[in-house]
Amino acid sequence: MKYRCVECGNGMKSLFVQYSPGNIRLMKCENCKAVGDEYIECEIMIVVIDLILHKPKAYRHLLYNVLDPQALNLQGLLWKCSFGFLLLDAYRSLLICRSKEEWSLSTSIDSFIWTCQKILLDVFLGNLMFFSTFVLAMRIFLGTWFGSLSYKDILLAILISSYFKLCLLAMMVWEFPSSAVYIIDLYVFSSNTVALKVISKSPTSRCVLTCFSAHLMKFFITQSWS
């Protein structure tokens with residue numbers, strides 16, 4: 001099956017039938033009898049709002065019916081998402097350093113180099129431990145539930161569901177307390193949990209444990225360099 005019903009996750013051959021340009025009929029799911037993907041006729045902002053509200057059907061729409069691996073250059077998309085993910089993580093680390101007054105324009109060269117080294121360690125070592133712990137936690141907590149998933153599908157779901165990191169860019173324009181960084185981290189954690197539940201069809205408690213283990217390991221690693 002190429003597509004998924006956003007209500008129940010059942011596979012569908014097609015989501016709509018097009019009779020003429022602008023004249024389509026949405027297909028119904030054979031399993032739950034609901035419209036397969038109501039978001040096809042919705043504005044993009046409706047999808048964004050439902051993603052922010054953590055509605056599983058919005059994640060199914062995005063991960064299955066929009067990001068079609070057969071139509072997209074999946075390898076290229078993964079590289080672009082990974083680069084953006086790491087770049088935002090580097091900016092996150094820089095914000096934390098600034099909040100601790102570890103970096104400013106008047107700092108010495110040695111202090112500046114040390115701060116750059118810390119950011120690199122936070123980004124690469126932190127994310128290496130994050131994804132390693134995530135895979136290990138999936139094997140422990142999810143077991144057979146994720147046996148049919150490829151690692152590329154899992155990686156793409158985690159990267160895409162970390163979209164809330166983009167809110168870090170707002171801190172370039174407006175001043176926020178340093179605690180806002182950790183609030184964003186908490187939201188990314190909850191979003192990763194919903195995305196994992198959608199692609200693995202696993203119990204919520206197991207998905208929470210999996211994501212919590214990975215995020216906790218990353219937090220300990222990055223804090224150890226502070």
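Trainee: In this predicted model, which residue in S4 is the bridge partner of Gln18?

Mentor: Gln18 has Ile24 as its bridge partner in S4.

Trainee: What makes S3 and S4 a pair of strands?

Mentor: Pairing requires at least two bridges. Strand S3 (residues 16-20) and strand S4 (residues 23-26) have four bridges, in the antiparallel sense, so they count as paired. With two residues between them, S3 and S4 form a hairpin, and Gly22 in the turn has a positive phi of about 85°.

Trainee: Why is Ser161 called buried?

Mentor: The cut-off for buried is under 20% relative accessible area. Ser161 has 2%, so Ser161 is buried. Ser161 sits in the loop between helix H5 (151-160) and helix H6 (179-200). Among the residues that Ser161 touches are Tyr59, Val188 and Ala195.

Trainee: How do you know that the side chains of Ser161 and Asn192 make a polar contact?

Mentor: The N or O atoms must be within 3.5 Å. For the side chains of Ser161 and Asn192 the value is 2.7 Å, and the pair is listed as a polar contact. The C-alpha atoms of Ser161 and Val194, 33 residues apart along the chain, are 8.4 Å from each other.

Trainee: Which side chain makes a polar contact with the side chain of Lys218?

Mentor: That of Asp89, at 2.6 Å. Lys218 also touches other residues, including Phe85, Phe130 and Lys165.

Methods: Residues are numbered from 1 along each chain as its sequence is written. This is a predicted model: local features need pLDDT of at least 70, side-chain atom pairs count only at pLDDT 80 or more; totals for chains, interfaces and linings use all residues. Side-chain values use heavy atoms; hydrogens and water are left out. Buried means under 20% relative accessible area, exposed over 50%, partly exposed in between (1.4 Å probe, protein chains only). Contact means heavy atoms within 4.5 Å. A polar contact is a pair of N or O atoms within 3.5 Å; within protein, one must be able to donate a hydrogen and the other to accept it, and residues adjacent in sequence count only if both atoms are side-chain atoms. Lists of a residue's contacts leave out its neighbours within four places in sequence.
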